[in-house]
Amino acid sequence: KKKIGIVTGGGDCPGLNAVIRAIVKAAALQGWESIGIHGGYDGLLTPMKTRPLSIKDMDGLLVRGGTILGTASSGPFSAKTGQGKTRQIDSSILAQAKTNFDRLGLSALVAIGGDGTLTVALQMHEHGWPVVGVPKTIDNDLDATLMTFGFDTAVSCAVDALDRLHSTAQSHDRVMVLEVMGRYAGWIAAQAGLAGGADVILIPEFPFNYDAVCRKINARETEGKLFTLVIVAEGASPAGQDLIAGFANHTDREIRLGGIGEQVAEEIQSRTGKESRCVVLGHLQRGGTPTQFDRQLCTRFGVYAVQMIARNQFGMMAALTGTGIAPVFLADAVDRIRTVPREGELVMTARALGISFGDG
Ligand code: F6P
């Protein structure tokens, strides 16, 4: 009989509760106990913040946004610097957490999180902890898995916003700019742009230039299309102005990207004379109920995490691969950003429709 700890870390994300539910239910069916760790890994420090999780506690969690365990994206377990570089967690902090982990009688830990949280999980594993991971991030930029949970919900939110902006852009003959999340990779902007009929997609993978963006808007005008939809990832930057690199000496907490959408709308208006407006979707993408796809993915990841523990597959993460859910090494997933391939099918499909990446 095992006793497993569950922790959620980093930014919140739709589906965290659905993963917790799947783990607790699958573990209980094996006769195992589950312990929830509160406020990220900090809940393992003294004084500990933990509580037993029963099947009854899981009622309604499949659809509930956020995380009942709370989360932390800064503090002693912050494993990333401002530019996403890895930092070693203080060994006295790790030792204190391990003492409490052992005191709780835990036989394994499931870490649910993105690059930062799973980097800590890897460091714990390297110090002998029995850890497994579940990949979370709305940005979908984690390596070794085809998809992270939360991404599908974030894309759906962005597509809904584009649909709404489409009708108001058309009514006013305006350029509407939608800024979405995506600090290092443009998956949300690229996929939502395709599904929501954007005319211009600006992502970190393609430094853009305003001449190309305005050429697209003017070309539409010539065709009699008097409105334009632009979707821009928060980490996109005009060629020659690397906004992320500009934050090189700052910590993660100090980075507040925002602002690129507003800059794009202002430049378009001043260069084309067309009325332009910007909407920043922000944390709306991270809240609320997960889509049916994410509910399935979360459930599959959660159940698989329990199976990995049963097989002693520690230091590994549940991943979505071409054939289903499979274990991959945490070391192969973290510390590398999976960006949108510049010559990949997604980009080529968009280009074939005449969508501009502002790089022409
Ligand atoms: O999950 C990553 C992310 O969504 C980024 O795209 C964004 O920059 C960041 O989280 C914002 O997080 P917070 O405001 O919680 O620090």
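This is a predicted model: local features need pLDDT of at least 70, side-chain atom pairs count only at pLDDT 80 or more; totals for chains, interfaces and linings use all residues.
Residues are numbered from 1 along each chain as its sequence is written.

Let's start with the whole chain. We've got ten helices and eleven strands, taken as DSSP runs (H or I, at least four residues, for helices; E, at least two, for strands) and numbered from the N terminus. The C-alpha trace spans about 70 × 40 × 35 Å along its principal axes. Of the 360 residues, 50% count as buried, meaning 20 or more other C-beta atoms lie within 10 Å of a residue's own, with C-beta atoms placed from the backbone. And if you take contacts between residues at least 6 apart in sequence, 76% join residues at least 24 apart; a contact here is two C-beta atoms, placed from the backbone, within 7 Å.

Now for the helix pair. How do α4 and α5 sit against each other? Their axes, lines fitted to C-alpha atoms over the stretch in contact, come within 9 Å and cross at roughly 50 degrees; α4 is residues 151–172 and α5 is residues 187–195.

Who's touching whom? On the α4 side it's Phe151, Ala154, Val155, Ala158, Val159 and Leu162, and α5 brings Trp187, Ile188, Gln191, Ala192 and Ala195. By class, that's ten nonpolar residues, one polar and no charged, with Ala, Val, Leu, Ile, Met, Phe, Trp, Tyr, Cys and Pro counting as nonpolar, Asp, Glu, Lys and Arg as charged, and the others as polar.

How values were computed
Axes are lines fitted to C-alpha atoms, for helices over the stretch in contact, and angles run from 0 to 180 degrees between N-to-C directions. A residue is buried if 20 or more other C-beta atoms lie within 10 Å of its own, exposed if 12 or fewer, and partly exposed in between; C-beta atoms are placed from the backbone.
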